Amino acid sequence: RLGRLRHLHLNNFLLMAGFLAAIAVPAVVTLTQKIDRVSTMERRRLAPKPTLGLAGIADFPEAFDLFVDDNLAFRKNLIEMDSAIKLFGLGVSPSPKFVIGKAGRVFYKAEEAHDGVTIDDYRGLVRFAPAELKRIKEHLEARESYCAARKIPFVTFICPNTDSIYPEYLPDYDAKMQPGTRLDQLEAYLAAMSAAQLSDLRPAMLAAKERAGQPLYREGGTH
């Protein structure tokens with residue numbers, strides 16, 4: 001019985017020691033490792049290690065949090081592992097900015113990047129307000145007038161995203177909800193209200209898609 005208790009205590013000690021090592025090693029490595037100023041993977045500058053002093057003591061906690069977030073030991077490996085598990089294990093995108101569709105197709109979700117609207121636009125869930133349509137019309141007309149005064153032909157081309165050409169590869173949860181897109185809305189508005197030239201490449205791209213022996217868009221490309 002005494003031997004069993006000793007064995008139990010040893011197991012508990014090893015478990016606690018392993019736990020303390022697991023949380024201590026990343027902290028020690030984070031504070032002692034050589035710090036990269038720029039992340040080549042994320043293509044951005046990383047937060048520098050702050051210095052503690054009386055002058056900036058109030059800002060130190062926030063600056064230190066940013067430093068740890070950007071420079072935590074094994075951070076790159078953990079991010080790569082997390083991405084691999086999500087992509088290859090769960091079949092979902094590691095980034096909210098992208099949607100993994102059928103057959104591995106990638107679609108850009110600008111809504112998550114605060115870079116406009118793409119998926120919801122294809123689904124018919126957003127529309128231009130009248131003031132937005134008027135502003136676009138006036139902008140195009142101003143550009144055309146500027147170029148015409150200099151005898152320069154001016155045509156606006158709209159290059160379609162993947163969801164406009166390969167919508168069949170979108171996940172079922174991103175299926176179309178309403179007919180039409182904002183581009184359809186803009187084309188109808190300009191046809192009725194302006195002589196501005198707007199070239200929609202979707203019909204030509206869809207026709208080429210039927211004729212082409214290979215995809216027009218790379219599986220990992222969004223446009």
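**Surface patches and overall form**

Asp59, Glu62, Asp65 and Asp69 form a negative surface patch. The model is a predicted one, in which local features need pLDDT of at least 70 and side-chain atom pairs count only at pLDDT 80 or more, while totals for chains, interfaces and linings use all residues. Residues are numbered from 1 along each chain as its sequence is written, and side-chain values use heavy atoms, with hydrogens and water left out.

**Patches**

- Patches are made of residues with over 30% relative accessible area and no salt bridge, like charges being joined within 9 Å and nonpolar side chains (Val, Leu, Ile, Met, Phe, Trp, Tyr) within 5 Å; accessible areas come from the Shrake-Rupley method with a 1.4 Å probe.
- Within the negative patch, Glu62 belongs to helix α2 (residues 60–71) and is exposed, with a relative accessible area of 56%; exposed means over 50%, buried under 20% and partly exposed in between.
- Val25, Leu72, Phe74, Leu78, Met81, Ile85, Leu90 and Val92 make a nonpolar surface patch of about 730 Å², to which helix α3 (residues 75–90) gives the largest share, four residues.
- Leu90 lies in helix α3 and is exposed, at a relative accessible area of 61%.

**Overall form**

- The protein chain holds nine helices and six strands, which are DSSP runs (helices H or I, at least four residues; strands E, at least two).
- The radius of gyration of the protein chain, taken over C-alpha atoms, is 27 Å, whereas a compact globule of 223 residues would have one near 17 Å by the rule of 2.2 Å times the number of residues to the power 0.38.
- Along its principal axes the C-alpha trace spans about 90 × 50 × 30 Å, and buried residues make up 26% of the 223 residues.

**Salt bridges**

- A salt bridge is a side-chain nitrogen of Lys or Arg within 4 Å of a carboxyl oxygen of Asp or Glu, and by this rule the count comes to 10.
- Arg123 and Asp174 meet in a salt bridge at 3.9 Å, N to O, and this pair links distant parts of the chain, 51 residues apart; Arg123 is buried at 13% relative accessible area, and Asp174 is buried at 4%.
- Asp184 forms a salt bridge with Arg202, their closest N and O atoms being 2.6 Å apart; because Asp184 lies in helix α8 and Arg202 in helix α9 (residues 202–211), the pair ties together parts that are 18 residues apart in sequence.
- Arg202 also meets Asp200 in a salt bridge (2.8 Å, N to O), and Asp184, Glu187, Asp200 and Arg202 are linked in a network of salt bridges.

Key
Lys and Arg count as positive and Asp and Glu as negative; His and the chain ends are not counted. The place of a charge is taken as NZ of Lys, CZ of Arg, CG of Asp or CD of Glu. Buried means under 20% relative accessible area, exposed over 50%, partly exposed in between (1.4 Å probe, protein chains only).
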